[in-house]
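Reader: I am new to structures. Please take me through this one, and tell me what each term rests on.

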Amino acid sequence: MYRQILKKIKKYDTIVIARHIGVDPDALCSQLALRDSLLLRFPTKKILAVGNGSVKFSRLGTLDKMENLEHFLLILLDTPDRKRIDFPMFEQASEIIKIDHHPFIEKIGNLEYIDEQKGSTCEILMDFIKKMHLPITSDIAKTLYAGLVSDSNRFLFDSTTSQTFELVSYYLKNYPFQLSEVYKSLYMRPLKEVRLQGFIGENLTLTENGVAYIKIMNEDLNRFHADSASGGNMINNFNFIEEALVWVIITEDIKNNNIRINIRSRGPVINQVAEKYHGGGHMYASGARVSCFEEADLLLKDLDKVAKDYIKVCEKNENNL
Ligand code: AMP
């Protein structure tokens, strides 16, 4: 499949690299690294990495301005379904290649390379770029590593394998970069966000079946001078709370007139619940947007049910929670 992907890339003079809405480091870094590597290999091609950026991730690199294009190949990264594509012109692409690690939702591309076992799209690209002998620089290695570290939550998830470490080791050894720079670009944040994190910790509510949640209202955001993405961006900082199997950050988003929900789990499968509420994601890391707090409450109820069922199965199998 890698060879077929490269063959298609060679065929086109214009290539657009897009990803999902609600940019995150894995989606962004996979675009930037693939663009930079392909530009080194094919300097005469027009290759654009497009989509809405975010000030928060501006240290990771710069996206391209969209142009009017004809006859182009679209490489869609880290995006399982049409509704989440951050590129309105995607239907005008002559052909589409999809590379993703999300659970499959729908076929979009003429060629699709999906590996649900991988912790990040950047890890897939590390393998692809290496095996296809595409150019790598220290900057490209650093960018891929940033996406991998972010989506694997610093190698905490079970999707991290010996192959992950082998790839990281290969890149770090042959294209050295400073790890501290990566962590600075991913994790540096203003004090107001740390204070908001304290507020979340203080105000988490716990259901009977181990679902910890908080509802952050717009007035709370204003008090901490934070935006509607800030709370959800911290969700991984609440891993390993003994009493919580599932944890949820629910944030009022006045600007978009909806409610943003970020969900994580250390056991119960949550993406089916997220899908029921127009969202999606991975088995243990999902998100959704709902229209009102009543709908958020229904989602919480469903998560609580999933957690309850999980506890029952664990008790039956005498597994530790
Ligand atoms: P987040 O909590 O934003 O880091 O998202 C966790 C996972 O859920 C990622 O794989 C996202 O792509 C996915 N996700 C987040 N929000 C949504 C949504 N509204 N619809 C579908 N998938 C989502």
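Author: We start with a term. Now the ground rules. This is a predicted model, where local features need pLDDT of at least 70, side-chain atom pairs count only at pLDDT 80 or more, and totals for chains, interfaces and linings use all residues. Residues are numbered from 1 along each chain as its sequence is written, and side-chain values use heavy atoms, with hydrogens and water left out.

Reader: Which residues around the ligand come nearest?

Author: Arg84, His102, Asn262, Arg264 and Gly280 do, out of 14 residues around the ligand. A residue is near if one of its heavy atoms lies within 4 Å. S11 gives the most to this shell, with 5 residues. Strands are DSSP runs of E, at least two residues; helices are runs of H or I, at least four; both are numbered from the N terminus.

Reader: Why is the pair of tyrosine 2 and phenylalanine 128 called edge-to-face?

Author: Rings of Phe, Tyr and Trp (its six-membered ring) pair if their centres lie within 6.5 Å; planes under 30 degrees apart count as stacked, over 60 as edge-to-face and the rest as tilted. Here the centres are 5.2 Å apart and the planes stand at 80°, so the pair is edge-to-face. Tyrosine 2 is in helix H1 and phenylalanine 128 in helix H3, 126 residues apart. The whole structure has 12 aromatic pairs.

Reader: What makes a space a cavity rather than a pocket?

Author: On a 1 Å grid over the protein atoms alone, a cavity is a set of points where a 1.4 Å probe fits but cannot get out. A pocket is an open set with protein on both sides within 12 Å along at least five of seven lines. Lining residues have an atom within 4 Å of a point. The largest cavity holds about 30 Å³, and Pro80, His102, Pro103, Ile105, Glu275 and Gly281 line it. The second largest pocket holds about 160 Å³. H4 gives the most to that pocket's lining, with 5 residues.

Notes. Grid points are joined across faces, edges and corners, and a volume is the space filled by probe spheres set on the points.
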